[in-house]
Amino acid sequence: MTMDQRIKTAAVCVCTSGARTALLNACLISLINQELPDDYSMLILIIDNSLEGDVKSKVKNAEIIDDKLLFCRESCQGIPFARNAAIREAVALNVDYIAFIDDDEIAPPNWLFRLISGINANEADVIVGEVSRCENQEEAVLAAYSYCATSELSNLPQVNTAVTSNVLFNAGLVKDPLNLDFDENMVFGGSDREFFMRAILAGSKIVSAKSEFVFETWPAERREIKYLLMRWLRYGVSFNYRYRKNLHPAKAYTLIWLMFFYKLLGAPVKLVMLPVRRIWDKRSIRRLIGVSVADIAYGLGCIAPLVGIQLNKYY
């Protein structure tokens, strides 16, 4: 076997606070059974970001045992700290690709096979998939194991952002000379989009695979109005941070204010564009109202830091 024919390794990283043991176990079971191309192997890195440091014992107590499972402890609390621990461990293991999936998500059996195929077919640095939300764990597991994407993966559209809920990227992004990492100031969310923004600015190619889903359990409390509003507000706040951090001030502030007005004006524009035949469709009206309120929350988040408003909780 030549060097070009060597087995390549993908590390699938799962960051967890240890608070969702049953969901984590279901996630890991879906990863252990992943299909892979013939010339690839896989490691599963579980980053224990819990206060107690007991995630490994919880997983073993559930009798989930596999040689591919590797545990890493990160005692600094917060998503960017856990993500950075994951990439440090992956680099130390000299892997070729790094994937991220959330600990409350279930991957279809061919998920990683498809992401690897897609990133190679498009000669991309990053491939990002989609997330489908389910009301409970049983629904998510059933949806994942019955889902089998078969669409063509060549000529995927390029995008300017990605998130770590369903992503695979070349490990070269976190090695010399780029040495990208997650901004540890962003403990309340958004460090993944900021990471991939810097990747784009460095010339990386990100492609979007709309057919490649993972299935997330989205509990009732996350569907409450207050939570959703704060989540969209947080999206706007992180938009503000990453643009001010990575762009020239004049360009950053111009784009921030443009986004603010775009989101604020989004509601009446969407109302005007609503087809007449759907005006009396109550579901369409409710959805329109929900999207419009989310737009307003996002827009307000864009300018919140400019008036001294900061988040103190992850949403």
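The legends below describe close-up views of a predicted model.

**View 1. Strands β1 and β2.** Strand β1, residues 8-16, and strand β2, residues 40-48, run parallel and are joined by nine bridges. Within this pairing, Cys-15 has Ile-47 of β2 as its bridge partner. Strand β2 is mostly covered, since eight of its nine residues are buried.

**View 2. Strand β6 between two pairing partners.** Strand β6, residues 126-134, is joined to β8 by three bridges, the two strands running antiparallel, and it is joined to strand β9, residues 206-217, by eight bridges, in this case with the strands running parallel. Val-126 takes part in both pairings: its bridge partner in β8 is Phe-169, while its bridge partner in β9 is Ile-206.

View 3. Ser-208 belongs to strand β9 and has a relative accessible area of 5%, a value under 20%, so it counts as buried. Apart from neighbours within four places in sequence, the residues in contact with Ser-208 are Val-128, Glu-130, Leu-156, Pro-157 and Val-159. Arg-133, which is placed in strand β6, has a relative accessibility of 44% and therefore counts as partly exposed. With neighbours within four places in sequence again set aside, Arg-133 is in contact with Glu-216, Trp-218 and Arg-231. The C-alpha atom of Arg-133 is separated by 20 Å from that of Asp-295, a residue 162 residues apart from Arg-133 along the chain.

**View 4. The contact of helices α1 and α5.** Two packed helices are described by the angle between their axes together with the distance between those axes. For helix α1, residues 21-32, and helix α5, residues 137-146, the axes come within 11 Å and cross at roughly 10 degrees; this angle is under 35 degrees, and the two helices are therefore roughly parallel to each other. On the α1 side the contact is made by Ala-22, Leu-23, Ala-26, Ile-29 and Ser-30, and on the α5 side by Gln-137, Val-141 and Tyr-145. Sorted by class, the residues of this contact comprise six nonpolar and two polar ones, with no charged residues.

**View 5. Helix α6 and its surroundings.** Helix α6, residues 191-201, is largely enclosed by the rest of the structure, because eight of its 11 residues are buried. The buried residues are Ser-191, Asp-192, Glu-194, Phe-195, Phe-196, Met-197, Arg-198 and Ala-199, and they pack against the helices α3 (79-92) and α7 (225-246) as well as against the strands β6, β8 and β9. Just after α6, Gly-203 adopts a positive phi of about 100 degrees.

**View 6. Thr-164 in the loop between β7 and β8.** Thr-164 lies in the loop that runs between β7 (158-159) and β8 (166-170). Although placed in a loop, Thr-164 is buried, with a relative accessible area of 3%. Its side chain makes a polar contact with the side chain of Arg-83, at 2.9 Å. Beyond neighbours within four places in sequence, Thr-164 is in contact with Arg-83, Phe-100, Ile-101, Asp-102, Phe-182, Asp-192 and Phe-196.

Terms used:
Residues are numbered from 1 along each chain as its sequence is written. This is a predicted model: local features need pLDDT of at least 70, side-chain atom pairs count only at pLDDT 80 or more; totals for chains, interfaces and linings use all residues. Side-chain values use heavy atoms; hydrogens and water are left out. Helices (H or I, at least four residues) and strands (E, at least two) are DSSP runs, numbered from the N terminus. Buried means under 20% relative accessible area, exposed over 50%, partly exposed in between (1.4 Å probe, protein chains only). A polar contact is a pair of N or O atoms within 3.5 Å; within protein, one must be able to donate a hydrogen and the other to accept it, and residues adjacent in sequence count only if both atoms are side-chain atoms. Contact means heavy atoms within 4.5 Å. Two strands pair if DSSP finds at least two bridges between them. Axes are lines fitted to C-alpha atoms, for helices over the stretch in contact, and angles run from 0 to 180 degrees between N-to-C directions. Angles under 35 degrees count as roughly parallel, over 145 as roughly antiparallel, 65 to 115 as roughly perpendicular and the rest as oblique. Ala, Val, Leu, Ile, Met, Phe, Trp, Tyr, Cys and Pro count as nonpolar, Asp, Glu, Lys and Arg as charged, and the others, Gly among them, as polar.
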